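Trainee: Could you take one part of this model and walk me through it closely, then show me what surrounds it? I'd like the terms spelled out with their cut-offs.

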There are 2 protein chains.
Amino acid sequence: MASNNPAPPDSTRRSERSRRAIYDAAIALVVEIGYPKTTIEGIAARAGVGKQTIYRWWGSKAEVLLEAFLDLSEQAARTAAQEREEREDREGQEGRAGHESQGIPDTGDLAADLKFVLRATVDELHDPAFEAPSRALAAEGVVNEELGRRFVAKLLEPQLQLYVDRLRSAQEAGQVRPDIDPRIALELFVSPLAQRWLQYTGPITYTYTDTLVDYALNGLAPR
Amino acid sequence: MASNNPAPPDSTRRSERSRRAIYDAAIALVVEIGYPKTTIEGIAARAGVGKQTIYRWWGSKAEVLLEAFLDLSEQAARTAAQEREEREDREGQEGRAGHESQGIPDTGDLAADLKFVLRATVDELHDPAFEAPSRALAAEGVVNEELGRRFVAKLLEPQLQLYVDRLRSAQEAGQVRPDIDPRIALELFVSPLAQRWLQYTGPITYTYTDTLVDYALNGLAPR
């Protein structure tokens with residue numbers, strides 16, 4: 001039986017250590033020298049592994065960086081969620097039942113749920129571990145359409161789909177008009193935050209994202 | 001009297017030719033080799049002028065590119081406006097009285113005016129002469145905060161202020177709620193378009209920008 005298992009504990013741990021070293025090296029290089037100059041050779045050298053180790057697991061530097069960044073985003077989301085929980089504990093606020101760091105809660109109160117998730121995004125955008133690499137990759141995506149589209153498809157679009165799901169459930173509950181296209185509607189509060197972050201067009205605060213949600217749900221015209 | 005005039009016609013024309021050559025060279029270089037590798041020396045060589053000519057008029061490569069890009073944006077806006085007028089003439093539509101290429105019309109119909117200007121922006125974003133340099137500079141702005149903030153202050157914010165003015169006038173006319181902050185409100189329809197362009201998150205069409213205006217003014221919740 002043991003011979004059928006190609007990854008005994010020691011080897012698994014070694015692989016996991018290599019994988020982590022490769023992720024860290026890839027992120028560090030893209031921050032220090034930018035995406036265009038980052039190479040598989042450079043990542044291998046910095047991670048202290050052979051080039052072939054990287055090629056065994058990934059087909060290109062875009063693949064490595066994509067996975068390294070997915071991993072980093074998950075870490076950043078976990079850290080931000082922990083910090084938020086600690087702050088809420090200190091401030092004596094009640095924890096939000098059923099909250100998962102990557103999902104959108106459905107408490108029945110659409111405005112509150114959207115504000116909660118956007119505040120978590122504000123925390124992530126202010127996380128220094130997340131900021132430099134995500135800026136480096138976002139910048140490359142602006143001028144490199146193929147990379148931009150890959151990162152959106154793998155990283156951004158799955159997150160946006162969570163808003164689509166939440167808005168659909170709000171439509172079923174009669175809180176969003178049935179003729180609204182959720183995929184466009186979510187951009188009314190997600191894109192302003194993205195643009196302020198990408199282009200430094202204004203400060204990023206909880207008050208700001210709360211305001212976006214209120215404006216988007218209630219509209220600018222008098223009711 | 002003549003001696004008090006330091007720029008007789010011939011010299012003015014020469015200066016104008018040099019200025020144009022420098023703008024063109026700066027834009028071409030930032031598209032071909034990117035912002036970081038573009039230098040004053042490189043711009044001078046390509047424009048066929050001395051380095052000192054550039055330093056006489058501008059303090060840094062950021063200054064040159066900023067002015068070159070402002071000039072390009074004005075050209076792109078003029079071209080897009082002309083093409084739109086020609087298309088409207090062909091389609092037998094009436095010209096919009098009082099429209100200026102860089103301003104926002106105030107016909108009293110806020111939705112129509114916003115849709116009109118956003119359609120013009122869609123045309124600009126699809127203009128190939130405008131796309132490559134504006135992507136190169138936007139990408140650099142994402143990772144270079146100082147440059148990003150300068151371009152926003154000089155280029156983007158003046159355009160956004162036109163929306164602030166139009167929304168204020170709509171508030172006075174009772175078409176926008178008095179408690180709305182126009183500087184945030186404009187982001188509900190401007191930022192989604194910007195993000196789709198910067199990050200390839202979706203197609204950019206007239207139908208899309210029309211929808212953004214309707215959603216922003218009327219809100220997502222039932223009325």
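Mentor: Helices here are DSSP runs of H or I with at least four residues, strands are E runs of at least two, and both are numbered from the N terminus. Keep in mind that this is a predicted model, where local features need pLDDT of at least 70, side-chain atom pairs count only at pLDDT 80 or more, and totals for chains, interfaces and linings use all residues. As for bookkeeping, residues are numbered from 1 along each chain as its sequence is written, chains are lettered from A and ligands numbered from 1 in the order in which they are written, and side-chain values use heavy atoms, with hydrogens and water left out.

Why pick this span? An unreviewed UniProt entry gives residues 16-76 of chain A the feature "domain: HTH tetR-type". The UniProt annotation "DNA-binding region", also from an unreviewed entry, covers residues 39-58 of chain A. UniProt positions follow the numbering used here, feature names are shortened, and annotations may be inferred rather than shown by experiment. Residues 39-58 of chain A come out at 75% helix and 0% strand, with 13 Å between the end C-alpha atoms.

Zooming out, chain A has 10 helices and zero strands. Its C-alpha trace spans about 65 × 45 × 35 Å along the principal axes. Of its 223 residues, 50% count as buried, meaning under 20% relative accessible area, with exposed over 50% and partly exposed in between (1.4 Å probe, protein chains only).

Now for some charge: Glu83(A), Glu85(A), Glu86(A) and Asp89(A) form a negative surface patch. Patch members have over 30% relative accessible area and no salt bridge, with like charges joined within 9 Å and nonpolar side chains (Val, Leu, Ile, Met, Phe, Trp, Tyr) within 5 Å; a salt bridge puts a side-chain nitrogen of Lys or Arg within 4 Å of a carboxyl oxygen of Asp or Glu. Glu83(A) sits in helix α4 (residues 61-90) of chain A, and it counts as partly exposed because its relative accessibility is 45%.

Tyr200(A) lies in the loop between α9 (187-199) and α10 (206-218) of chain A, and is buried at 11% relative accessible area. In chain B, Tyr200(B) also has a positive phi, about 55 degrees, and is buried at 13%.

Key
Areas by Shrake-Rupley, 256 points an atom, 1.4 Å probe, with all protein chains shown as cover. Lys, Arg positive; Asp, Glu negative; His and termini not counted. Charge placed at Lys NZ, Arg CZ, Asp CG, Glu CD.
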